Amino acid sequence: MVKSEEEIKLHREAAYLHEMSLEVTKKAIRPGRNARDVIEEIRHAQVMAGSEEQQIAMSFGQPGSVTYRQHSIGNTFVRRSLKDGDVINLLIESSAAGGYWYDMRRFFCIGPVPEELQEAYEINIESRAIMAKNLKPGLVPVWPWMRAMNF
């Protein structure tokens, strides 16, 4: 959809919130902290930067073991602290002025990256390159099953 200059500016401001949040997150995640404190640090930074609403979810744990989940909404508090070896899956959904929502999902590791996660990352990079190669302006996206049915 064609956007006005004002809309483009608002989109950029919303995207900035997530770039800024990524930097805050990198500093906030460390062994001994609990997920709720990390989430609140991210939320505070977003509010101070002009965010109107935030929904943040964090899943974390050791590969192959129980996964813990902490959300910014509700009254649940996970007492388990972050530890060396944890893999963290963080989702930040928030709006900037004017109600423009953006979301960002990132994985973080405390310590070395597990081999399985590194392999998944490399597959992702390869698949994104294939998608980028096939993108053409104005092309209508079609699922493979649609081709088979002559959509």
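The model is a predicted one, in which local features need pLDDT of at least 70 and side-chain atom pairs count only at pLDDT 80 or more, while totals for chains, interfaces and linings use all residues. Residues are numbered from 1 along each chain as its sequence is written, and side-chain values use heavy atoms, with hydrogens and water left out.

**Overall build**

- The protein chain contains 4 helices and 4 strands, where helices (H or I, at least four residues) and strands (E, at least two) are DSSP runs numbered from the N terminus.
- Along the sequence these elements follow the order α-α-β-β-β-β-α-α.
- The protein chain is more spread out than a compact globule, because its radius of gyration is 19 Å, well over the 15 Å that the globule rule gives for 151 residues; this radius is taken over C-alpha atoms, and the rule is 2.2 Å times the number of residues to the power 0.38.
- Taken along the principal axes, the box filled by the C-alpha atoms of the protein chain is roughly 55 × 40 × 25 Å.

- Of the 151 residues in the protein chain, 32% are buried.
- The protein chain has an accessible surface of about 10,500 Å², and 57% of that surface belongs to carbon and sulfur atoms, as given by the Shrake-Rupley method with a 1.4 Å probe.
- When contacts (heavy atoms within 4.5 Å) are taken between residues at least 6 apart in sequence, 58% of them join residues at least 24 apart.

**The nonpolar core**

- The largest nonpolar core has 26 residues, and those with the most contacts inside it are I29, M58 and I88; such a core is a set of buried Ala, Val, Leu, Ile, Met, Phe, Trp, Tyr and Cys residues joined through side-chain atoms within 4.5 Å.
- At least two residues of this core come from each of α1 (5-28), α2 (35-48), β1 (53-61), β3 (87-95) and β4 (101-109), and α1 gives the largest share, 7 residues.
- Apart from neighbours within four places in sequence, the contacts of I88 include I29, M58, F60, L82 and F107.

- Y102 is placed in strand β4, and, not counting residues up to four places away in sequence, Y102 touches H11, A14, A15, H18, I92, E93 and S94.
- The C-alpha atom of Y102 is separated by 9.9 Å from that of Q54, although these two residues are 48 residues apart along the chain.
- D84 is placed in the loop between β2 (68-71) and β3, and D84 counts as exposed because its relative accessibility is 58%.
- Leaving aside neighbours within four places in sequence, D84 is in contact with P31, Q62 and I110, while the C-alpha atoms of D84 and G61, 23 residues apart along the chain, are separated by 9.6 Å.
- L10 lies in helix α1 and is buried, because its relative accessible area is 17%.
- Not counting residues up to four places away in sequence, L10 touches A97 and Y100, whereas the C-alpha atoms of L10 and V140, 130 residues apart along the chain, are separated by 27 Å.

How values were computed: Buried means under 20% relative accessible area, exposed over 50%, partly exposed in between (1.4 Å probe, protein chains only).
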